[in-house]
Amino acid sequence: HRIYSLSSSPEEQCEQIKNNSIQHRLPMVSIETNGVGGFLPQILLRTIRGLGIGVDSVFSQESLPKND
C-alpha cells in the first residue's frame, strides 16, 4: 500500500492520480466523495480517458452526533 498526499487544484490532483495509476499499473481507481468533492470523478474520467483505467465513485455521508 502507498499513501500519496494530494494538494493543489482538482485538475492537478487528477493528473497526480493518473500518473500514480500508470506508475503502479492500476486497473481501477476508487474515489470517495462527499459534498463539495462530488465533481472530482468527472474530472478524473476526462484526465484518464483512453488509458484503460476504470473509475469507481463512492458517495460517503457520515452522520456525526452533534455535541450540545
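Select Lys 18 to begin: this residue is buried, with a relative accessible area of 17%. Buried means under 20% relative accessible area, exposed means over 50%, and partly exposed lies in between (1.4 Å probe, protein chains only). Lys 18 sits in helix α1.

Before moving on, note that this is a predicted model, where local features need pLDDT of at least 70 and side-chain atom pairs count only at pLDDT 80 or more, while totals for chains, interfaces and linings use all residues. Residues are numbered from 1 along each chain as its sequence is written, and side-chain values use heavy atoms, with hydrogens and water left out.

**The whole chain**

Zoom out. The chain has 2 helices and 2 strands. From the N terminus, the order is α-β-α-β. Helices (H or I, at least four residues) and strands (E, at least two) are DSSP runs, numbered from the N terminus. Of the 68 residues, 24% count as buried. Now consider contacts, meaning heavy atoms within 4.5 Å. Among contacts with a separation of 6 or more, 67% come from residues 24 or more positions apart.

**Back to Lys 18**

Which residues does Lys 18 touch, leaving aside its neighbours within four places in sequence? Select Thr 47, Ile 48 and Leu 51: Lys 18 is in contact with these.

**Helix α1**

Select residues 10–23, which form α1. How far apart should its ends be, at 1.5 Å a residue? The 14 residues of α1 should span 20 Å, and the end C-alpha atoms are 20 Å apart, which agrees. The expected span is 1.5 Å times one less than the number of residues.

Next, colour the buried residues of α1: Cys 14, Ile 17, Lys 18, Asn 20 and Ser 21. Their cover includes β1 (28–33) and α2. An α-helix has 3.6 residues a turn, so residues three or four places apart point the same way.

Click on Asn 20, another residue of helix α1. Asn 20 counts as buried, at 17% relative accessibility.

Two packed helices are described by the angle between their axes and the distance between the axes. Axes are lines fitted to C-alpha atoms, for helices over the stretch in contact, and angles run from 0 to 180 degrees between N-to-C directions. The two helices are therefore oblique to each other. Angles under 35 degrees count as roughly parallel, over 145 as roughly antiparallel, 65 to 115 as roughly perpendicular, and the rest as oblique.

Show the side chains. On α1, pick Pro 10, Glu 11, Cys 14, Glu 15, Ile 17 and Lys 18. They meet Leu 40, Ile 43, Leu 44, Thr 47 and Ile 48 in α2. This contact divides into 7 nonpolar, 1 polar and 3 charged residues. Ala, Val, Leu, Ile, Met, Phe, Trp, Tyr, Cys and Pro count as nonpolar, Asp, Glu, Lys and Arg as charged, and the others, Gly among them, as polar.

Go to Ser 8, in the segment before α1. Its phi is near 100°, a positive value in a residue other than glycine. Is Ser 8 buried, exposed or partly exposed? Ser 8 counts as partly exposed, at 41% relative accessibility.

Last stop: Arg 25, in the loop between α1 and β1. Arg 25 has a positive phi of about 55°, although it is not a glycine. Arg 25 is exposed, with a relative accessible area of 77%.
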